[in-house]
Amino acid sequence: MNWNGFFKRQIQLGTVSRIPVRADRRWIVVFLLLTAVTAASLQPLLQNVAGSVLLGLAASILFFISIFLHEFAHAVVARLEGLHVVEIILHPFGGMARFAHPPETPRAEFRIALAGPAASFLLTLLFVGSLAASNYAGTDILTLLLFLLALANLLIAVFNLFPGYPLDGGRVLRAYLWKQGRDLDEATILTGRCGQAIAIVLM
């Protein structure tokens, strides 16, 4: 069996605001691993296997929703800019809102690109606020989970702002270069090289 082909196939998750939402099957592996790691981390504190698994499952679902909301924010702003959103595809630890055609102005590109990180920052604040309430109530395990979710969303926002295409920060840089008079193709090539440099540094 071709496992690589199997995991690259997409699962139709549903439709949100008339936008099809799909995920490739690699999400199954990520979801199970994330649940298992979180449950194993909580087990010493909770001393209850079933409870640890349930909390790990809840954390994985919330992380999955966070990734979706990041991409959905791109889609909402794209619609406001007059673009047709074809679909949202979720990959492991990432995703893509796909449009029928690229943004037609630097302003549209800039706003669409910033929408995702802005959503992730807002989710970070939401989880931090919930964390503070949980900490005040003395629910240590819930506080830990909320901290991890806040940290995950913060990392998603910051990482996506790195100035290399196809990251959101690269698209912001592309919009800036486009606004300054660069051809869109030239701006894409330049930001793509920045993206390659960032990937090399990270490796």
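Residues are numbered from 1 along each chain as its sequence is written, and side-chain values use heavy atoms, with hydrogens and water left out. Because the model is predicted, local features need a pLDDT of at least 70 and side-chain atom pairs count only at pLDDT 80 or more, while totals for chains, interfaces and linings use all residues. The pLDDT, the predictor's confidence in each residue from 0 to 100, averages 88 over the chain, and 96% of the residues score at least 70. Helices (H or I, at least four residues) and strands (E, at least two) are DSSP runs numbered from the N terminus. Confidence is lowest in helix α1 (residues 3-8), with a mean of 55, and highest in helix α4 (residues 106-137), at 94.

The interior can be taken next. A nonpolar core is a set of buried Ala, Val, Leu, Ile, Met, Phe, Trp, Tyr and Cys residues joined through side-chain atoms within 4.5 Å; buried means under 20% relative accessible area, exposed over 50%, and partly exposed in between (1.4 Å probe, protein chains only). The largest such core holds 31 residues, and W27, F63, I88, L90 and F99 have the most contacts inside it. Two or more residues each are supplied by β2, α2 (26-46), α3 (49-80), β3 (85-91), β4 (94-99), α4 and α5 (140-160). Helix α3 gives the largest share, nine residues. With contact meaning heavy atoms within 4.5 Å, and leaving aside residues up to four places away in sequence, F99 touches H74, A75, A78, L83, H84, V85, V86, I112 and R171.

Just after α2, Q47 adopts a positive phi of about 55°.

Two polar residues complete the picture. D24, in strand β2 (residues 19-24), counts as buried because its relative accessibility is 2%. Its side chain is joined to that of H91 by a polar contact of 3.0 Å (a pair of N or O atoms within 3.5 Å; within protein, one must be able to donate a hydrogen and the other to accept it, and residues adjacent in sequence count only if both atoms are side-chain atoms). N160, in helix α5, is also buried, at 16% relative accessibility. Not counting residues up to four places away in sequence, N160 touches H70, P117, L167, D168 and G169.
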